[in-house]
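Subject: Structure handover

Hello,

Here is the structure for you to look over. My notes come after it.

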Amino acid sequence: MTTPYLRIRNLSKHFGDFTALDNVNIDIYRGEFVCFLGPSGCGKTTLLRAISGLDIQTHGTVEQDGRDISALPPAKRDFGIVFQSYALFQNLTVARNIAYGLENRKQPKAAIQQRVTELLELIGLPDSGHKYPAQLSGGQQQRVALARALAISPGLLLLDEPLSALDAKVRTHLREEIKSLQRRLGITTIMITHDQEEAISMADRIVVMRDGRIEQIGTPLEIYHQPASLFVAEFIGAMNLLPATRIGHGEIQLGSARLACAVQGYEPGAAVRAAVRPEDIVCTGKTNGHANSLQAEVHDLEFMGPFFWLSLGGGELGEHRLRAQLPSQRARELDLRPREALHLHIPAEHIRLFPNSYSHG
Amino acid sequence: MVAPRVRPRLGRDEWLMGGGLLVLALYLAITLLVPLALMLTKSVQDREGAFVGLANFAQYFTNPALSGAIGNSLWVSALATAITIALAFGYAYALNRSCIPFKGFFRLVAMLPLLAPSLLSAIALVYLFGNQGALKGWLFGESIYGPIGIVIGSVFWTFPHALIIISTALATADARLYEASESLGASRWRTFTVVTLSGARYGLISALFVVFTLVITDFGVPKVVGGQFNMLATDIYKQVVGQQNFQMGAVVSLLLLLPAVLAFFVERWAQRRQISSLSSRAVPYRPKPSPVRDLALLGFVGLVALVILGILGMAAFASFAKLWPYNLSLTLSHYDFSNADGGSWASYGNSIRLALYTAVSGSLVVFVGAYLVEKTRVAKPLRTATHLLALIPMAVPGMVLGLAYIFFFNAPGNPLNFLYGTMAILVLATIAHFYTVSHLTALTALKQLDPEFESVSAALKTPFYRTFWRVTTPMCLPAILDIAIYFFINAMTTVSAVVFLYAPHTTLASVAVLNMDDAGDTAPAAAMAMLIVYTSAGVRLLHAWLSRWLLRRTQAWRLQGR
Ligand SMILES: Nc1ncnc2c1ncn2[C@@H]1O[C@H](COP(=O)(O)OP(=O)(O)OP(=O)(O)O)[C@@H](O)[C@H]1O
Ligand SMILES: [Mg+2]
């Protein structure tokens, strides 16, 4: 394994009595695209500002490319940054904005000109160099901000919710553009977002944060399919979280049904939460051809186009409620109606157990 | 495990900004804090400098000739404040909540008193109601010299100050409240008291205290038209300039400091409330025509405007009339000053120099200072301390500042003693005197910029001063112009701080007005006061033209984003 490009160790940040970051450890490798994901106020920006030196942490170290930068001011570090507000210099043209970091380096004018043209092309605005930021749309302004940050070829690109201020359509479009740009340049990138879809679609790895701590670090697939905690399970994607009891023989009891699953770490009789994704529930209809099945009633059907949302309850589920995603084609085959009873199969490998309450760690 | 605490290392930017902040804090300490502190100690010393405890205070309060001024100052200021607030509220209401015509004109007229020294209104009053006054009969035998003159003169020059504050409060009304009140079937009067008055209450409170402080600390009006009527501000002058009793001057200064400090805190409190009571989703209120109300308000506003123009016009006319009231043919001879006692064109030249120096160096210090206070990433306590220092002048009357400067700069051991009696000390005093409003203006402008400009600049390895020069300054240029003009006009018109500090070769136009009036050369005094008005007005016009030109030139990038 190569050594990490960015190594964050035991990082904490206090604002008076308030702990905004609590013992954070992350390794980020060269060329990776990492997303910090978490609810508002969990410390994402604080972590990014510690990495950039704009707001230095209280404790802990940051190493970049083998160099300890923990205490260095931002000007002594190597990064480019883009903010949600764009922070473009409104009184300078787009070209002057992009050239801003270059002009300070005493490069020949022609070289600067050349680089600016190159970057304008890279962001798809070759003819906008003479315009002022106010004459561009939000999405265009954010691309200019990106070009300005990339102009000095930083080793690390930091993006603090770059897409949040844009409307949905521009957002999806720019999402792909940033991702492909990052791949092309191979620049190590950290992006903050509180939009899980954004994180899942863009990141090589996701850092899920809560209350100043890291809940889980992993690829989007790992985060989605193997959430490390109840918080992650609930925060990412749709998830059923049902109270259940561990019984003997590698099984849990859910309502009056018994289901097999991985039960390591839980004593028989322990109360647990069983996490099941709606799309992992298989409706087998009137027949029950599988092990790990239970029978329940359809409370509600919601047509979403490619699939239906099913609200299930009663039967063996008893008081519990379960949401399932049923492909439209399968629903047609089954010809489901409300109040109908049906059998559901939940594969053992898609049931994950969590302790009954939130906890840190 | 607990990692060791990180000690951030400072880069060049941090050193420079932190250092700049330290220099600014020292500057404010020297031109403000230390002189004031020294003055406080003088009040508990005798003439030889020995500590005498509260003996000076005891002497003051047991001498009715002295302490009587407290009561005088209080009731005269209260009365003038009440009248000013009532007039300003009506005027502001008409401008913001009715459909009267010529609003721009009326707004302009109301601002005219800002261009003149407070002395001007007093001189005009002498011409109108004095012993040879044209309208003397209107006073039913009462003399204009005394409380009546002080109240009328004070109302004239504090009116625009009150109007600005109340107008701001009324301008930001939320139309939704009016609709709600109407739909609930509330009567006009109820809507007025509940919605209008309560919406403007912080503005009213704020204006109340500001005007009260302006009146009680003003020196020009009572000096000219006060007669034998003692006020605190004139007492300081008498004690210091007349009797060279600096200790008693310090005692009176302390008394004068009390209402000013109180007003300062109330004003800050009201400001904060005013801002937070306005939600960002407020819908601006648009007045609907209502013939009766509009006609009544037009009459009222017209009358007030007429009085303002009348007072100003009287002073102007007096400056051109050959020998009031016997020979009213026009002449320019009063503008000659060579025969007048206490003023000359040199004083006018000095005033222009003072105003220019103050405008240039003042806006430089204030803007750079506000930038450092707002944007320095390190030295948080120093930032807070400097900001607090910058707020002090608001609570310090000019007379008090001037006296404090005598104590500090004239102290024998002080290495800054060489400044005493120079133009420089006048510039320092004037900047200090008008620091707070300028500082707050600059801060407001800076806060409107994206807070991450400095972060971006640091990430691009560009030194902060480059971004300050290429981005921050151009974007704040309108505010910087506002600050410069504020300094200029105040430097032209102020009397209170500088009256203790000028030397024979640095006499000022505003002080010359005072001295010529004192010597009985009233017409030249009026001429000099009008010179100040012409100059201020000219500079104002220049400022308006410059601002418009600037706006046009920068229109391209000031476009709102889409
Ligand atoms: N300068 C500060 N002083 C005190 N508390 C602060 C400061 N900056 C941040 N905080 C607190 O630290 C916590 C984390 O803030 P941070 O801005 O890092 O959150 P975030 O994850 O970026 O949230 P968002 O998604 O809303 O941007 C918040 O509770 C915030 O109130
Ligand atoms: Mg944030």
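Predicted model: local features only at pLDDT ≥ 70, side-chain atom pairs only at ≥ 80, totals over all residues.

Residues are numbered from 1 along each chain as its sequence is written, chains are lettered from A and ligands numbered from 1 in the order in which they are written, and side-chain values use heavy atoms, with hydrogens and water left out.

**Interface of chains A and B**

Chain A puts 41 residues into the contact and chain B puts in 36. Contact means heavy atoms within 4.5 Å. The size of an interface is often given as the accessible area lost when the parts come together. Here the buried area is about 3400 Å², with 59% from carbon and sulfur atoms. (Buried area is the accessible area, 1.4 Å probe, that two parts lose on being put together, summed over both.) B:Leu460, B:Lys461 and B:Arg470 supply 20% of what chain B buries against chain A, more than any other three residues.

The rule finds 3 salt bridges across this interface. A salt bridge is a side-chain nitrogen of Lys or Arg within 4 Å of a carboxyl oxygen of Asp or Glu. B:Arg470 forms a salt bridge with A:Glu103, the closest N and O atoms being 2.7 Å apart.

On chain B, the elements that give two or more residues to the side touching chain A are helices H19 (453-459), H20 (464-493) and H23 (555-558). Helices (H or I, at least four residues) and strands (E, at least two) are DSSP runs, numbered from the N terminus. H20(B) gives the most, with 6 residues.

**Sheet in chain A**

Five strands form an open sheet with antiparallel pairing, in the order S13-S12-S11-S14-S20 (chain A). Two strands pair if DSSP finds at least two bridges between them. Strands S13 (257-260) and S20 (352-355) of chain A stand at the edges with a single partner strand each, so one side of each has no neighbour in the sheet. Inside the order, S11 (240-247) and S14 (271-276) of chain A pair over 6 bridges. A:Asn240 has A:Val276 as its bridge partner in S14(A).

**Positive phi**

Most residues other than glycine have a negative phi. A:Ser153 has a positive phi of about 50°. A:Ser153 sits in the loop between helix H4 (138-150) and strand S7 (156-160) of chain A. A:Asp211 also has a positive phi of about 50°. Its loop runs between strands S9 (205-210) and S10 (213-218) of chain A.

Best wishes
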